[in-house]
Structures are given as C-alpha cells and as structure tokens.
Amino acid sequence: MSAAEENAAILEVADMRVWYGTRGDPVRAVDGVSFSIGAGETLGLVGESGCGKSTLGRGTLGLLPPMASVSGSVRYDGRELVGMDPKELRDMRGPELGLIFQEPMTRLDPLQTIEKHFRETLRTHEPDLDDDEVRRRSLEALAGMGIPPTRFKQYPHEFSGGMRQRIMIALALVLNPKVLIADEPTTALDVIVEAQILGILADLRRNFDTAVLLITHNLGIVAEACDRVAVMYAGEIVEQGDAREVFAEPAHPYTRELLRATISLETTGLNYIDGAPPSLIDPPPACRFHPRCPNAMAVCAELAPEETTGGGGQRVRCWLNGPEERIPEGGREPLEREEIAAAEEA
Amino acid sequence: MSRGGGLRTYVLTRVLLAIPTVFILVTMVFLLMRVAPGDPITAALGAKLPAKELEKRKKEAGYDRPIADQYVEYLGQVVTLDLGESVTDNRSVKSIIVENGSATLELTLAAFSITLLVGIPIGLLAGRFRDGPIDVGGRLFAIVIYAFPVFFLGFLAQLLASKVGWPTSGRASPIVDFDLDKISYFYVLDSLIAGDWNAFWDVLQHLFLPALVLGLTISGVMIRLVRVNLMQTLRGDYVEAARARGISERRVVINHAFRNALVPVITVAGLQFAILLSGAVLTEETFNWPGIGSELIRYLDERDYIAVQGIVVVFAIAVVFVSLLIDLVNAFIDPRVRYR
C-alpha cells in the first residue's frame with residue numbers, strides 16, 4: 001500500500017490544464033492532468049524535455065506568466081488554489097508550498113547577501129520576528145544544508161553551484177512548507193552534489209513529513225528517491241503508480257521505451273525512441289504517443305485511450321491495457337502508418 | 001570580511017590604473033598636436049605676422065627646441081595645471097577651463113539631473129507596465145525627443161519662454177553677471193555664497209531652459225535603457241524564485257528587479273555624462289551659453305593649438321575621471337565587481 005492511500009492526500013490535482021495563449025493556437029502545455037500526493041510521500045514526475053513537467057509544477061503554485069490560463073482543480077489541504085485570490089495564494093507560497101528550481105546559479109539575487117534573502121523571506125511571512133530569531137532560524141536552516149554560519153553574510157557569487165542549490169533549499173525549508181515542488185533540482189549539478197540533495201529530500205520526508213513532487217527526466221533518481229512515479233508525455237500523464245511496480249512492470253509503451261533508454265554500466269548500445277516530442281500546439285489526435293509507439297494499433301489513432309489499471313496496480317492510459325470492450329472491431333490491427341518523410345523529420 | 005578587503009583592493013587598483021591612462025592620453029594629445037603640419041605659432045598667426053616676427057615668437061615659445069625637451073616641459077605644465085596661454089588672444093588656458101569649463105559642468109549637471117529625474121521613473125514605469133499607457137507614451141516621447149535636433153527643440157523652448165518673459169540666452173543677465181563675485185565660477189553656487197537671492201533666481205532662470213532641452217534630449221535614451229533592462233530583470237530567475245517564496249510583488253519589483261536593472265544603466269549613464277561634458281556644443285550655441293565646447297570650436301577655427309591642446313587634455317582627464325567614478329559606483333553596488 002502506498003503512502004498516498006494511507007494518508008489523506010495533501011495536494012490533489014484534478015483535470016488540470018494549462019494553456020499558453022499565443023497569437024495563433026494555444027500551446028497545451030498541461031492537458032488534463034490528475035494526481036495526488038500524501039504527506040511524507042515523494043511523487044516523481046518524469047518525461048522528456050518540453051512535455052509540460054515544469055509548467056505543471058509552476059501551475060500548481062499559480063506561478064505562471066499572465067498569458068497562461070489554468071483550469072481544473074488544485075486542492076491543497078482542502079483549499080482550492082485555482083482561481084484563488086492572488087494575494088491569498090501568494091501568502092501560501094513559502095510556508096505551505098515551496099518550490100526549488102533547476103538552475104541554482106541564477107536563482108539568488110546577485111546584489112543581496114544570503115542573510116538578506118533569508119530576512120526578506122522570513123519577514124514576509126512572519127512580520128513580527130525579531131532580528132535574533134531571524135538569524136537563529138536562518139542559520140539553523142543553513143546548518144541543515146551544511147552551510148556554515150560564517151558564510152551567512154556572503155554574496156551568491158561566492159558560492160559554488162551545489163552550495164547555491166543547498167541555499168535555495170534552505171530558503172524554501174526555513175518556512176517549513178508542507179509541500180515541496182522540486183523542479184529538476186539536480187540537473188545542473190554533478191553526481192556527488194546530486195546524491196547530497198537527494199539525501200536532503202529523503203531526510204525531509206522522514207523528519208518533517210513533507211510531501212515532495214520531484215520533477216525530473218532522470219529515471220534513476222525516481223527509482224532511488226520516489227515512492228510513486230507519474231510519467232508525462234505531451235502534456236498528459238500516461239502512467240502513474242508505485243515506483244517499484246511501474247519500473248518492474250511498465251504498462252505503457254512510452255514508459256517501457258523510457259526505461260529501455262536509460263544507460264547503465266552494462267549498456268553497449270543506445271536505445272532511443274524514434275521521432276521527436278510532438279508539438280503541443282497541435283498534438284497528434286487520440287493517443288498522443290501513437291506516431292512514435294512501437295506497439296501502435298489502429299484504434300490508437302482513432303480514439304483517446306481511457307484510464308485503466310495495469311498489472312502492478314498502476315493507472316495507465318493505453319489501449320494495450322484495454323478496456324477490451326471499448327476497442328472497435330479491427331482496432332487491434334497494427335497501425336499502418338505513412339512513412340515519415342526524412343525532410344519532415346529533420 | 002572578504003567584502004571589505006576585495007572592495008579596498010579594487011578601488012585602489014582602479015585609482016592607480018587611472019594614472020597611466022591619463023599619462024597615455026596626455027602624451028597622445030601632445031603627439032597629435034606635433035604631427036599636424038607647422039608649429040602652433042605659424043598655424044595660428046602665419047598669415048597675420050611677418051616671417052621675422054613669427055620666428056621671434058617661436059623662439060620665445062620654445063618651438064625651436066628638440067621635441068623631447070618640449071614634451072618634458074609640456075608634462076610639467078600638465079602636472080602643475082599650468083597649460084600655457086592661447087596664441088590668438090593670450091588668455092591663460094587655465095582661465096578658459098575654469099570659466100568656460102565651470103559653465104559647461106554647471107549646465108551638464110543640471111541637464112543630467114533632469115535626464116535622471118525624467119528617464120528613470122518613466123523608464124521603470126514603462127518597463128513594469130509593459131504596453132500600458134505610460135509605456136506607449138514613454139516610448140513615443142523617447143523617440144520623438146531624441147529625433148528632434150537640439151537647436152530645433154531649443155528654438156521652440158526659447159519661443160515659449162519668451163512668451164512668459166523668461167530669459168532665453170546666456171548664463172545670467174549682464175548686470176547680475178557683472179556684479180557677481182565669482183568664487184567657484186558655478187553661478188548658482190556663487191549667487192548662494194553671496195546670499196543674493198535676486199541673482200540666484202536670475203541665474204536659475206537662465207540655467208533652466210538649456211538644461212531642460214539638453215536633459216530631455218538625453219532622457220529619451222535613458223527611458224529606453226531603463227525600460228529594457230527592467231523588462232529583462234523582471235524575467236530573471238531570481239525574480240521568479242522570490243515570487244515562489246511568496247514575496248510581495250512590490251518588494252520583488254523594487255528590491256530585486258529595479259536594483260538589478262540599474263546596474264548596467266549606471267555605466268551607460270556615466271558615459272553619457274562624459275559625452276555631455278565635451279559634446280553639448282549645439283545646446284551651448286543655441287542658448288549662447290559660454291561653455292567650453294563652443295570655446296573649443298572657436299579655437300579650432302582659429303587653429304590655436306595651445307588652447308585646443310589644453311582643452312582636449314582636460315576633456316581627456318574628465319572622461320578618465322568619470323569612468324573611474326562609474327567603476328567605483330558599480331563596485332559599491334554590485335559585489336561581483338571586485339578583484340579577488
């Protein structure tokens with residue numbers, strides 16, 4: 001039984017859509033996504049670049065540019081965040097919902113000391129804190145990340161990338177958020193620092209019961225750090241469930257191909273998925289993966305797959321997994337596709 | 001702390017580096033003046049005096065000596081700030097610089113204050129509320145004001161000013177100018193020192209029009225510069241990160257975006273200031289302002305090399321000084337600008 005089912009979900013996202021308005025048709029970066037995370041649980045969100053992972057993370061906190069429109073439902077601790085008064089939502093960012101980013105090098109204001117970053121953050125949410133208390137809590141958060149107090153008054157450029165990411169995490173954790181969204185927190189860092197950061201995230205969930213949404217494109221990280229995994233393709237979640245089950249018995253061809261594409265010490269040749277991620281302005285009809293899917297059937301280009309339960313208890317959207325009765329006659333025939341012209345592919 | 005140490009080293013290095021820069025500039029000015037055909041005396045007075053008289057004057061001025069001797073003497077002059085006398089009207093170069101230079105500096109300071117007062121707020125508002133009324137109006141204003149030639153804008157301003165009876169040319173009314181005790185040669189300052197309020201008002205009125213025209217012209221550039229930098233920092237990663245910590249939009253904009261946007265502005269603004277010091281000739285001509293730019297043009301016309309040499313040396317030093325100042329201000333604001 002997964003942690004989400006034991007505890008009530010603290011963050012519940014249902015049928016969320018984020019569309020970016022452009023001059024022509026909108027970009028459907030996130031298109032009908034549902035998931036939930038319980039306290040103390042880590043959900044890994046994986047997918048290729050440009051599949052809408054980061055938009056999903058930011059959309060959850062209402063941190064999208066003005067041209068983006070959000071619909072669906074994001075419930076945090078019983079409260080609906082979509083359509084909430086911006087000021088009210090802003091007050092929740094920090095003490096309730098924290099966010100850490102991919103590129104730590106540019107996430108701290110270069111003109112301000114670390115001390116000022118902490119003071120601003122703490123005073124915004126707890127205006128009555130006195131200087132001593134601000135200092136004590138900041139240093140405590142930094143110490144937890146292995147940053148010594150002697151460096152409190154230094155500027156961001158005096159720290160390495162890994163240290164800056166730990167400072168960013170300390171800045172998020174100093175407010176004790178109940179949900180932490182980590183958007184590729186280790187992508188820009190080397191493996192040693194990556195291991196440190198993953199260790200920190202693991203401690204967090206153990207010690208503070210924090211719910212973590214870990215966005216990554218690295219399946220190794222998911223296997224190591226996550227209880228559950230959601231696989232995202234072209235703005236949709238195609239498979240989600242217990243991380244071990246999904247990895248042992250992937251039900252969706254995309255998940256399977258992703259797993260095949262990972263490299264290890266035994267890797268002798270590179271496996272890759274033919275083609276490129278589709279345009280999110282005009283995604284393929286029906287199942288969005290069908291043009292690249294090795295197992296595509298006639299039905300896959302005709303009807304959007306429905307959510308079913310896979311062999312490992314995971315939820316999956318793929319006709320291979322049924323429901324059988326909904327597949328029209330002849331739908332199980334292999335998909336006949338037009339050869340993609342070389343020029344088009346380029 | 002490392003900050004204080006780094007800053008001290010930086011300031012010291014920058015100041016020391018300015019010395020060879022000035023030296024090179026001063027030498028180049030000297031060489032340029034010697035490369036030009038003929039000597040200063042012949043150039044300025046060649047057609048006006050008999051050959052014998054010219055020879056006599058050349059000898060007096062020391063132009064028959066080896067060039068190295070002349071160079072050493074010239075360096076001595078620069079160091080003691082005694083830059084000789086103009087050939088054509090026997091004015092000491094020092095007094096040209098003090099009297100006309102102060103006029104230019106006074107005008108430049110006033111104009112630049114207007115540039116900053118207009119350019120920074122409008123630029124910030126335009127960048128913050130992109131495509132809003134202030135942005136559209138500000139952009140239009142910036143282009144139009146920058147496209148207007150100064151003399152046209154100047155005439156327009158003079159026309160309007162004359163309708164309300166404000167003075168349209170010169171630094172002060174003749175009587176005020178005659179009576180004023182010139183101590184600093186900044187008329188605004190001198191009239192204040194004298195405690196003469198009528199003179200102060202008169203001087204201020206005279207200063208207002210050229211400063212406004214010059215200041216507004218440059219403010220166009222400033223608006224666009226501030227605007228584009230703010231738009232960039234507002235998209236910055238640290239701005240998004242601050243929003244993700246729930247910092248109020250006002251604080252995000254003022255504390256993070258504005259401050260970072262002003263760093264590159266300081267550099268360009270400083271260079272604009274340096275250009276203004278030597279390049280406000282059109283404004284000076286339009287308003288009959290006795291500045292050093294128009295004086296330089298006059299001496300160039302008369303081929304008075306000594307006066308030109310002196311004025312150019314001072315310009316060069318001023319530009320070095322201003323860029324040193326920019327570097328120091330930047331170092332105080334931006335902790336990354338340090339030597340380690």
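User: Which domains does the domain assignment give for chain B in this predicted model?

Analyst: Happy to start there, and do keep in mind that the model is predicted. The centres of the two domains, taken over C-alpha atoms, are separated by 33 Å. The domain assignment of chain B lists domain 1 (2-79) and domain 2 (97-301).

User: Where does the largest nonpolar core lie relative to domain 1 and domain 2 of chain B, and why?

Analyst: This core has 160 residues, and those with the most contacts inside it include A:Leu45, A:Ala170 and B:Ile311. Helix 10 (residues 197-234) of chain B gives the most to this core, with 15 residues. Because domain 1 (2-79) and domain 2 (97-301) of chain B both give residues to it, the core lies between them.

User: Which helix supplies the largest share of the side of chain A that touches chain B?

Analyst: Between the two chains, 23 residues of chain A are in contact with 19 residues of chain B. On the chain A side, helix 3 (86-92) and helix 4 (114-125) each supply at least two residues. By class, this side of chain A has nine nonpolar, six polar and eight charged residues. The largest share, four residues, comes from helix 4 of chain A.

User: Is strand 7 of chain A enclosed or open, and why?

Analyst: Let's look at where its side chains go. A:Val179, A:Ile181 and A:Asp183 point one way, A:Leu180 and A:Ala182 point the other way, and all are buried. Since five of the five residues of strand 7 (residues 179-183) are buried, the strand is largely enclosed by the rest of the structure.

User: In strand 8 of chain A, which residue stands opposite A:Ile181?

Analyst: Strand 7 of chain A runs parallel to strand 6 (residues 97-100), joined by four bridges, and there A:Leu97 stands opposite A:Val179. Strand 7 also pairs with strand 8 (residues 211-216) in the parallel sense, over five bridges. In strand 8 of chain A, the residue opposite A:Ile181 is A:Leu213.

User: Which strands stand at the edges of the open sheet of four strands in chain A?

Analyst: The order of this open sheet is 2-1-4-5, with antiparallel pairing. Each edge strand has a single partner strand, so one side of each is left without a neighbour in the sheet; these are strand 2 (27-38) and strand 5 (79-80) of chain A.

User: Which helix of chain A packs on that sheet?

Analyst: Strand 1 (residues 9-20) and strand 2 of chain A pair in the antiparallel sense over nine bridges, with A:Met16 opposite A:Val33. The packing helix touches strand 1, strand 2 and strand 4 of chain A, and its direction makes about 65° with that of strand 2. That is helix 2 (residues 53-60) of chain A.

User: How does A:Ser73 count by its C-beta neighbours?

Analyst: A:Ser73 lies in strand 4 (residues 68-76) of chain A. Its contacts beyond four places in sequence are A:Ala14, A:Asp15, A:Glu80 and A:Val82. Because A:Ser73 has 15 C-beta neighbours inside 10 Å, it counts as partly exposed.

User: In strand 10 of chain A, which residue is the bridge partner of A:Val229?

Analyst: Strand 10 (residues 236-242) is mostly covered, with six of its seven residues buried. It forms a hairpin with strand 9, with two residues between them, and A:Ala234 in the turn has a positive phi of about 50°. The two strands run antiparallel and are joined by six bridges. In strand 10, the bridge partner of A:Val229 is A:Gly241.

Key
Residues are numbered from 1 along each chain as its sequence is written. Chains are lettered from A and ligands numbered from 1 in the order in which they are written. This is a predicted model: local features need pLDDT of at least 70, side-chain atom pairs count only at pLDDT 80 or more; totals for chains, interfaces and linings use all residues. A residue is buried if 20 or more other C-beta atoms lie within 10 Å of its own, exposed if 12 or fewer, and partly exposed in between; C-beta atoms are placed from the backbone. Two strands pair if DSSP finds at least two bridges between them. Domain bounds come from an automatic or database domain assignment. Two residues are in contact if their C-beta atoms, placed from the backbone, lie within 7 Å. Ala, Val, Leu, Ile, Met, Phe, Trp, Tyr, Cys and Pro count as nonpolar, Asp, Glu, Lys and Arg as charged, and the others, Gly among them, as polar. A nonpolar core is a set of buried Ala, Val, Leu, Ile, Met, Phe, Trp, Tyr and Cys residues joined through C-beta atoms within 7 Å. Axes are lines fitted to C-alpha atoms, for helices over the stretch in contact, and angles run from 0 to 180 degrees between N-to-C directions.
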